[in-house]
Amino acid sequence: MSRIVHHDGPLIIGGGLAGLSAALEAAPRKVLVITPAPLLEACSSAWAQGGVAAALSKDDAPALHAADTTAAGAGLVEAGATDILTGDGRATVEWLASLGAPFDRDAAGGFAVSLEAAHSQARVARVGGDGAGRAILSALIAAVRAAPHIEVQEDGRLRGLIQDASGRVRGALIERGAPGSGRLIEVLAPAVVLATGGAGGLFAYTTTPAALLGEGMAAAYRAGADILDPEFVQFHPTAIDVGLDPMPLATEALRGEGARLVDREGRFLLGEAADADLQARDVVARAVHAARAAGRGAFLDCRVLGAHLAEEFPAVFAACMRAGLDPRETPIPVAAAAHYHMGGIAAGTDGRTSLPGLFAVGECAATGVHGANRLASNSLLEAAAFGRRTGRAAAAETSGVGAVIAPPVAQDLSPGALQTLRQTMSRCVGVVRDAAGLTEALAVIAELDKTTPGALPLAAARLIAEAALARRESRGGHFRSDYPDAATVAKHTRVHADPVLVAAA
């Protein structure tokens with residue numbers, strides 16, 4: 001039997017950069033933030049190394065940033081949303097700095113910026129070289145702790161969305177305490193903001209917290225929300241391959257500073273040109289995948305950075321040293337690993353979804369700014385910029401009236417079942433896909449569903465695999481070896497709760 005709690009303000013599920021930005025901007029409305037783990041833990045925002053992409057230098061402009069974003073997105077970037085995102089760039093970085101985010105500064109006191117792959121300009125504002133995510137999120141957490149309008153509960157997991165007969169989302173079913181044995185609470189609120197993060201934990205090889213299993217997307221789908229482009233998963237080409245789960249990340253900024261991808265014989269994976277390794281992530285990830293599949297191995301040679309490596313990239317240096325590898329002397333073994341989900345809950349730049357009362361922001365949302373392949377360091381920008389917009393929009397919502405319908409309680413997969421799912425997703429729905437592998441993945445998901453029907457990770461995995469099977473082309477992060485060419489016309493996938501796959505221009 002669940003307890004009912006009435007909250008007169010936005011209910012935000014998720015405590016990463018997107019969720020906390022929304023919470024701060026929703027003032028003076030009372031905000032309830034619910035997370036499954038203490039703030040700063042199990043959160044992709046905290047693990048981000050690169051920084052925040054924004055037009056900050058005199059030679060840059062939002063239009064140039066938008067053009068690079070559009071080029072990386074392989075035909076599926078939505079221009080209106082992208083113009084809003086890039087136009088908000090400087091203001092977003094300045095807002096984060098005003099909250100205490102300690103961005104690196106140049107000699108004149110401006111934001112120091114670095115170059116990352118597929119950017120035409122140096123525009124990534126960093127913190128301590130490769131510590132942006134944790135430092136920025138730490139500043140927001142301090143602001144949230146001090147904000148009188150925000151209450152944070154750090155032991156709650158989403159088990160489903162509560163709706164009324166019209167389909168309007170009126171709250172969420174939350175389990176507080178130990179997973180599977182906690183107490184169920186129906187939290188009713190005028191607006192529910194999903195900021196639950198991505199789906200990298202569905203894959204055995206991932207750079208994200210393993211607890212991120214696409215559950216927010218799955219819960220929204222089950223409630224009838226539109227899901228956009230779920231097949232597009234970005235695989236980071238330089239996950240450090242030292243047997244850890246999740247895999248430590250070697251930031252793209254290393255290649256921007258001159259590090260090169262080589263095989264075990266020292267041959268360049270993508271050619272000798274100085275900028276060969278700075279192509280879009282999907283291109284580089286496939287090169288790393290191919291070299292490993294061919295037995296050549298893949299390594300990131302950072303020796304050119306010398307002693308500066310430890311100073312400028314302390315997180316990467318520490319990860320390597322903990323694994324018994326000195327990157328100043330030995331190339332780093334790398335692999336392509338699930339890193340970011342471009343698809344998700346279809347949402348506007350203010351977080352509004354196709355369901356009244358439901359908002360989505362951050363990696364669980366798909367606003368159209370990433371298209372088929374996210375441009376490096378646009379994710380933190382989107383989380384903060386659209387998080388702020390979402391918080392303001394959610395704060396304007398008023399409570400619905402009438403009876404509500406609580407959803408069935410979503411069950412957890414057993415550890416063994418989850419491991420089977422993760423191994424299957426990396427093997428069959430990874431960097432290179434084909435019909436046989438995707439069909440196998442769907443069969444495994446169906447078999448697991450017999451034992452644990454209604455598990456949200458299975459629903460999320462099925463959304464990704466079904467859409468990947470339906471997209472008979474290669475585009476951005478989605479590569480089909482049996483359909484290696486891109487279709488003449490780029491079309492989105494829109495998934496409904498049926499599920500029905502609809503191609504929409």
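Select Pro246 to start: this proline is found in the loop between β13 (233-240) and α8 (253-256). Helices here are DSSP runs of H or I with at least four residues, strands are runs of E with at least two, and both are numbered from the N terminus. The peptide bond from Asp245 to Pro246 is cis, with omega near 0°.

This is a predicted model, in which local features need pLDDT of at least 70, side-chain atom pairs count only at pLDDT 80 or more, and totals for chains, interfaces and linings use all residues. Residues are numbered from 1 along each chain as its sequence is written, and side-chain values use heavy atoms, with hydrogens and water left out.

**Another cis proline**

Go to Ala27 and Pro28. A cis peptide bond joins them, with omega about 5°. Pro28 sits in the loop between α1 (17-25) and β3 (31-34).

**Positive phi**

Select Ala74. This residue is not a glycine, yet its phi is positive, near 55°. Its place is the loop between α3 (62-72) and α4 (79-87). Ala74 is partly exposed, at 24% relative accessible area. Buried means under 20% relative accessible area, exposed means over 50%, and partly exposed lies in between (1.4 Å probe, protein chains only).

Next, select Asp229. Its phi is near 50°, again positive in a residue other than glycine. Look for Asp229 in the loop between β12 (227-228) and β13. Is Asp229 buried or exposed? Asp229 counts as buried, at 4% relative accessibility.

**The parallel sheet**

Colour β7, β3, β2, β11 and β18. These 5 strands form an open sheet in the order β7-β3-β2-β11-β18, with parallel pairing. Two strands pair if DSSP finds at least two bridges between them. Which strands stand at the edges? β7 (150-153) and β18 (358-360) do; each has a single partner strand, so one side of each is left without a neighbour in the sheet. Neighbouring strands of this sheet are turned by 20° against each other on average, direction ignored. Those angles are taken between axes, which are lines fitted to C-alpha atoms (for helices over the stretch in contact), and run from 0 to 180 degrees between N-to-C directions.

Zoom in on β11 (residues 191-194). 3 bridges join β11 to β18, and the two run parallel. Val192 stands opposite Leu358 in β18.

**The antiparallel sheet**

Switch to β4, β6 and β5. Here 3 strands form an open sheet in the order β4-β6-β5, and the pairing is antiparallel. β4 (52-53) and β5 (113-114) are at the edges, each with a single partner strand, so one side of each has no neighbour in the sheet. Follow β4 to β6 (residues 124-125): 2 bridges join these antiparallel strands. Ala53 stands opposite Val124 in β6.

**Cysteines**

Select Cys364 and Cys428. Cys364 is buried, with a relative accessible area of 2%. Cys428 is buried too, at 5% relative accessibility. How many disulfides does a search of the whole structure find? The search finds 0; a disulfide is a pair of cysteine sulfur atoms within 2.5 Å.

**Confidence**

Finish by colouring the protein by pLDDT, the predictor's confidence in each residue, from 0 to 100. The mean pLDDT is 93, and 97% of the residues reach 70 or more. Then select residues 499-505. The pLDDT there is below 50, and beyond near neighbours in sequence this stretch has 20 contacts in the model. A contact means heavy atoms within 4.5 Å.
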